[in-house]
Amino acid sequence: MAARTGKEYLERLSASRPTVHIQGETVTGGIQDHPAFRNVVRSYAELYDLQHSAEHKDVLTYTSPTSGEPVGTSFLTPKTPEDLVKRRKAFKVWADHSNGMLGRTGDYMNSSLMALASAADWFAQANPAFGENILRYYEKVREEDLLCTHTLIPPQVNRSVAGTQQAGGKLAARIVKEDDNGIVIRGARMLATIAPFADEMLVFPSTVLRGTPEDKPYSYAFAIPNDAPGLRYVAREPLDYDRPRHDHPLASRFEESDCVVVFDDVHVPYERCFAIGDADLCNGFYSQTSSVVHMTHQVVTRTTAKTEYILGLVTLLTEAIGIEQFQHVQEDIAEIITTLEMLRAFLRAAEADAQVNEYGVLTPAFAPLNAARNLYPKLYQRFPQILRKLGASGLMATPTELDINGPAAADIEAYLQSATLTGPERVKLFRLVWDTCISAFSSRQALYEYYFFGDPVRMAGAYVKSYDREPYKAKVQAFLERS
């Protein structure tokens with residue numbers, strides 16, 4: 001199968017039978033038509049249709065090295081600078097379609113799988129079969145254009161102890177049995193975004209493992225279908241309230257469900273395992289394969305698109321109500337512009353300084369991407385603040401589409417007009433601003449960006465430890481020692 005269409009994505013999803021607990025209901029099929037998922041599912045289908053559009057297909061696809069069919073560009077193993085640019089352009093097309101609001105589009109995990117498969121020899125050092133498995137699995141996902149999500153961390157129960165020690169080690173997902181055909185997983189993990197409407201669940205390492213015998217059951221990496229027997233999801237409350245797009249322009253399109261994943265003795269065949277019982281392999285899973293670099297390349301491209309959206313939105317807002325001439329407003333706009341240009345510079349530097357890694361993959365420089373992923377979670381928090389400040393009380397005067405077309409129509413036309421917009425036009429714009437900075441959807445977006453790569457404080461600690469400061473220390477020491 002070549003790169004999928006939206007119709008093909010929906011057809012496969014309709015045949016899937018994941019178990020999803022949501023708002024007191026247990027859903028075991030028909031995800032594509034369920035009120036909590038149907039709108040975002042169609043947004044994902046639109047992404048697959050873009051792969052076949054005359055405008056984007058040359059960027060979004062390339063020729064498969066095995067089948068000769070067009071497959072998604074996010075699977076492309078970069079060998080040249082042009083390959084890196086094509087990958088980034090493909091990321092950007094998808095990100096622009098959702099204004100950067102869809103955080104778990106397939107290109108994110110596809111980038112990870114590409115890097116992991118390229119480093120098959122690294123997996124093979126533990127067991128030759130693991131190297132073969134990751135390469136075979138990558139090719140399967142590429143050729144079938146599957147949508148993958150992943151789950152990483154143990155349940156948030158008692159953070160004063162390691163996840164492996166919570167409730168005597170009985171909560172976190174762990175290997176409880178190994179037989180001739182594979183392993184059995186029991187316990188829970190969080191937090192699987194888009195799990196109900198993905199095709200595959202990637203269960204990869206996250207927290208650092210100490211390599212003790214107690215950690216061995218928690219040392220694994222594997223992939224399973226999202227409707228595997230014994231696998232179930234506990235979804236949070238949906239933020240798409242099935243309202244008109246006019247009233248909830250973002251939530252009605254881009255509300256990605258987040259789920260706790262429960263493994264009730266899920267059997268994982270050996271051919272779907274990439275690491276078993278090897279803490280060192282798990283701890284180096286992302287860094288030693290360059291997976292984290294290629295994933296971050298996609299993320300920074302997405303957040304660039306998101307920042308472009310924020311800049312366009314705030315400009316429409318300030319022009320609509322005639323406040324852009326004020327210096328404090330210009331200062332806020334300049335903050336967004338600065339963030340945008342910084343992200344673009346990080347991407348350009350990462351690509352310009354790319355080097356071939358030990359597995360023959362042209363890999364972006366991680367230093368600028370790492371700086372971006374440490375900065376953006378904090379910088380994004382300012383964007384809703386700026387929109388709330390500039391929109392002010394006008395964000396509370398946001399009637400619905402029914403009001404615009406109902407008895408209040410004349411009052412809306414007369415009293416809710418702005419310097420550049422009619423009453424209905426102004427309401428439509430302010431509903432979009434509201435859904436970006438005040439709504440439940442917008443709050444989830446802010447939280448999602450803040451913890452995208454993990455706790456920013458712990459990330460900062462890891463960043464400091466990994467950064468080579470010796471040359472700068474030596475330079476200052478040399479200055480102190482001048483006679």
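**Strands, a helix pair and a core**

Strand β10 (residues 231-235) and strand β11 run antiparallel and are joined by five bridges. The model is predicted: local features need pLDDT of at least 70, side-chain atom pairs count only at pLDDT 80 or more, and totals for chains, interfaces and linings use all residues. Numbering starts from 1 along each chain as its sequence is written, and side-chain values use heavy atoms, without hydrogens and water.

Strands here are DSSP runs of E of at least two residues, and helices are runs of H or I of at least four, numbered from the N terminus. Pairing requires at least two DSSP bridges between two strands. V234 stands opposite V260 in β11. Strand β11 (residues 258-269) also pairs with strand β7 (residues 182-193), in the antiparallel sense, over ten bridges. There, R189 has V261 of β11 as its bridge partner.

Now the helices. Helix α5 (residues 106-118) and helix α7 (residues 128-144) have axes that come within 9 Å and cross at roughly 145°. Axes are lines fitted to C-alpha atoms over the stretch in contact, with angles from 0 to 180 degrees between N-to-C directions. In contact (heavy atoms within 4.5 Å), N110, L113, M114, L116 and A117 of α5 meet I134, L135, Y137, Y138 and V141 of α7. By class, this contact has nine nonpolar residues, one polar and no charged.

Last, the core. A nonpolar core is a set of buried Ala, Val, Leu, Ile, Met, Phe, Trp, Tyr and Cys residues joined through side-chain atoms within 4.5 Å; buried means under 20% relative accessible area with a 1.4 Å probe, protein chains only. The largest one has 122 residues, of which F197, F204, F222 and F263 touch the most other members. Helix α10 (residues 291-320) supplies the largest share of this core, twelve residues.

Notes. Ala, Val, Leu, Ile, Met, Phe, Trp, Tyr, Cys and Pro count as nonpolar, Asp, Glu, Lys and Arg as charged, and the others, Gly among them, as polar. Buried means under 20% relative accessible area, exposed over 50%, partly exposed in between (1.4 Å probe, protein chains only).
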